[in-house]
Each structure stands twice: as structure tokens, then as C-alpha cells.
Amino acid sequence: MAERSTNVARRPRRKRDPEATREAILAAARGVLAQDGKEGLSVAQVAQLAGVNRGTAYQHFQTREQLIEATAAWVAEKLNQAAFGDPATTHDTSVDALVEKVMGGLSEFAMENPELGRVWLYELLSSARPSGDQFWRQYKEQMERFTHTDFARPGIDVEVHSVVMLAGTFLWPVWVRAHARTAKERKEMTERFTREMLRLSLQGTLRPEKFPELDAKVGGKKRK
């Protein structure tokens with residue numbers, strides 16, 4: 001009797017790619033956060049959406065908090081690119097052009113990623129170590145450098161100013177979503193927000209010469 005061959009053709013095993021798996025998990029997590037917020041996020045659900053088994057997902061992220069933290073870091077990286085561009089390709093530019101680029105880039109990112117932006121903002125504001133966030137660190141350092149130039153008004157509180165600007169930027173899309181019906185209207189409202197933030201930065205709200213005592217109290221000089 002002829003001996004039966006035991007050489008069975010085997011399907012080549014797919015090569016593991018941990019980085020690609022991690023990115024697939026994070027992409028799924030971003031989708032859940034954007035649609036359902038933090039409350040709807042779980043590692044098991046994200047694993048199912050990413051097409052990986054639960055054990056593999058837990059090897060990368062053991063808790064939902066780790067998923068949120070990693071998503072916030074991803075948002076911070078994208079914010080850096082939107083506001084400051086790629087350092088390798090960004091050339092020196094005028095101060096006014098830089099200010100407009102930063103505010104315009106942030107406004108556009110916030111409008112395109114409203115839920116993820118608010119998740120990032122909350123994580124930043126509730127963090128005991130916000131300097132660990134890539135974008136916050138860059139944004140605050142840029143602001144601090146700016147306050148020491150001749151372009152800045154005296155007495156700027158960098159931390160307060162930065163929080164107020166970012167909070168407004170990531171909350172404005174909530175208003176837009178309730179009032180804009182088309183992509184054109186959303187674009188117009190994004191441009192309105194950028195213009196107003198630029199105006200506030202340039203002029204403030206009050207005319208200081210009309211409020212000399214208040215102006216003196218917050219650090220300005222009394223005017224004749």
C-alpha cells in the first residue's frame with residue numbers, strides 16, 4: 001500500500017505587526033469617542049471594532065483610561081501640526097502671519113474634530129501634569145516667548161490666557177453644530193470665530209482709556 005503523504009500544505013502565517021495593531025485599536029477608539037464620548041468606551045468594544053481579539057487589545061491597553069490617554073496624545077500631535085506645522089518644513093514667517101496660522105489651524109481642527117477635541121481638552125484641564133501634553137507644552141512656550149517681545153501687551157497671564165483661548169476654541173463647535181445647517185455655514189462660522197479671536201488678541205474688549213482705574217488695577221498705566 002502506497003504510503004500516504006503527511007506533507008499538508010500550510011497557509012503561510014500572517015506576520016505580526018504590533019504597531020499596525022495598536023494603530024487599528026486607537027483608530028477604533030477614536031471612532032467610539034467621537035460618536036459616544038468617554039462613557040461609551042470600553043476595551044472590549046474597541047477590540048471588536050478593530051477586528052482584533054480581546055486578549056490582543058488588552059496587551060496594548062489594559063484599561064479604558066489608557067485608551068483615552070493615548071487618544072489625547074494623538075490629538076495633541078495633530079493639534080501641533082495644525083497650529084505650528086511640520087518643524088522640518090516650516091520656515092520663519094512674520095509674527096502676524098504666525099498668529100493667524102495658529103488661530104486658524106486650531107479653529108479648523110476643532111470644527112473638524114469636535115468630540116475628540118473636547119475629550120482632549122478635558123483630559124488636559126484635569127491633568128496634574130499638563131506639561132506632559134505635547135501641544136500644550138508647545139503652545140504655552142510659544143505664548144511665554146511672545147510675552148517677552150515688543151509685540152505683546154504687558155501683564156499677560158500666560159496660563160489663564162491659554163486656557164481661555166483653548167476652551168473657547170473647542171466649545172465654539174458646539175454652538176456651530178446647533179446653528180449651522182450646511183458645510184458652507186460651518187466654514188463661515190469657523191472664519192467668524194477666528195476673526196473674533198484675532199480681534200480680541202489685538203484689541204481686547206474694553207477701551208482702556210475709558211476705564212483708567214480698572215486699567216491701573218490689572219497692570220496698565222494710568223492715562224491722562
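Reader: Why is Lys-140 called partly exposed?
Author: Lys-140 has a relative accessible area of 22%. Buried means under 20%, exposed means over 50%, and partly exposed lies in between (1.4 Å probe, protein chains only). The value of 22% therefore makes Lys-140 partly exposed. This is a predicted model, in which local features need pLDDT of at least 70 and side-chain atom pairs count only at pLDDT 80 or more, while totals for chains, interfaces and linings use all residues. Residues are numbered from 1 along each chain as its sequence is written, and side-chain values use heavy atoms, with hydrogens and water left out.

Reader: Where does Lys-140 lie, and which residues does it touch?
Author: Lys-140 belongs to helix H7. Once residues up to four places away in sequence are set aside, Lys-140 touches Val-158 and Glu-159, where contact means heavy atoms within 4.5 Å.

Reader: What elements make up the protein chain?
Author: The protein chain has ten helices and zero strands. Helices (H or I, at least four residues) and strands (E, at least two) are DSSP runs, numbered from the N terminus. Of the 224 residues in the chain, 31% are buried. Among the contacts in the chain with a separation of 6 or more, 62% join residues 24 or more positions apart.

Reader: Why are H5 and H8 called oblique to each other?
Author: Helix H5 (residues 95–112) and helix H8 (residues 158–179) pack at an angle of about 40°, and their axes are 9 Å apart. Axes are lines fitted to C-alpha atoms, for helices over the stretch in contact, and angles run from 0 to 180 degrees between N-to-C directions. Angles under 35 degrees count as roughly parallel, over 145 as roughly antiparallel, 65 to 115 as roughly perpendicular and the rest as oblique. H5 and H8 are therefore oblique to each other.

Reader: Which residues of H5 and H8 meet, and of what classes are they?
Author: In H5 they are Met-103, Leu-106, Ser-107, Phe-109, Ala-110 and Met-111, which meet Met-165, Leu-166, Thr-169, Phe-170, Trp-172, Pro-173 and Val-176 in H8. By class, this contact of H5 with H8 holds eleven nonpolar, two polar and no charged residues. Here Ala, Val, Leu, Ile, Met, Phe, Trp, Tyr, Cys and Pro count as nonpolar, Asp, Glu, Lys and Arg as charged, and the others, Gly among them, as polar.

Reader: What makes H4 and H6 roughly perpendicular to each other?
Author: H4 and H6 pack at an angle of about 105°, with axes 9 Å apart. This angle lies within the range for roughly perpendicular, and the pair is therefore named so. The residues in contact include Trp-74 and Leu-79 of H4 and Trp-120 and Glu-123 of H6. By class, the contact of H4 with H6 has nine nonpolar, one polar and one charged residues.

Reader: How many aromatic pairs are there, and why is the pair of Phe-84 and Phe-135 called tilted?
Author: The count comes to five aromatic pairs. Rings of Phe, Tyr and Trp (its six-membered ring) pair if their centres lie within 6.5 Å; planes under 30 degrees apart count as stacked, over 60 as edge-to-face and the rest as tilted. The rings of Phe-84 and Phe-135 have centres 5.9 Å apart and planes at 35°, so the pair is tilted. Phe-84 lies in helix H4 and Phe-135 in helix H7 (residues 134–147), so the pair ties together parts that are 51 residues apart in sequence.

Reader: Why do Phe-84 and Phe-135 count as buried?
Author: Phe-84 has 11% relative accessibility, and Phe-135 has a relative accessible area of 0%. Each value is under the limit for buried, so Phe-84 and Phe-135 are both buried.

Reader: What makes the pair of Trp-120 and Phe-170 tilted?
Author: Their ring centres are 5.5 Å apart and their planes stand at 50°, so the pair of Trp-120 and Phe-170 is tilted. Trp-120 in helix H6 (residues 114–125) and Phe-170 in helix H8 are 50 residues apart, and both are buried. Ring pairs link Phe-84, Trp-120, Phe-135, Tyr-139 and Phe-170 into a cluster.
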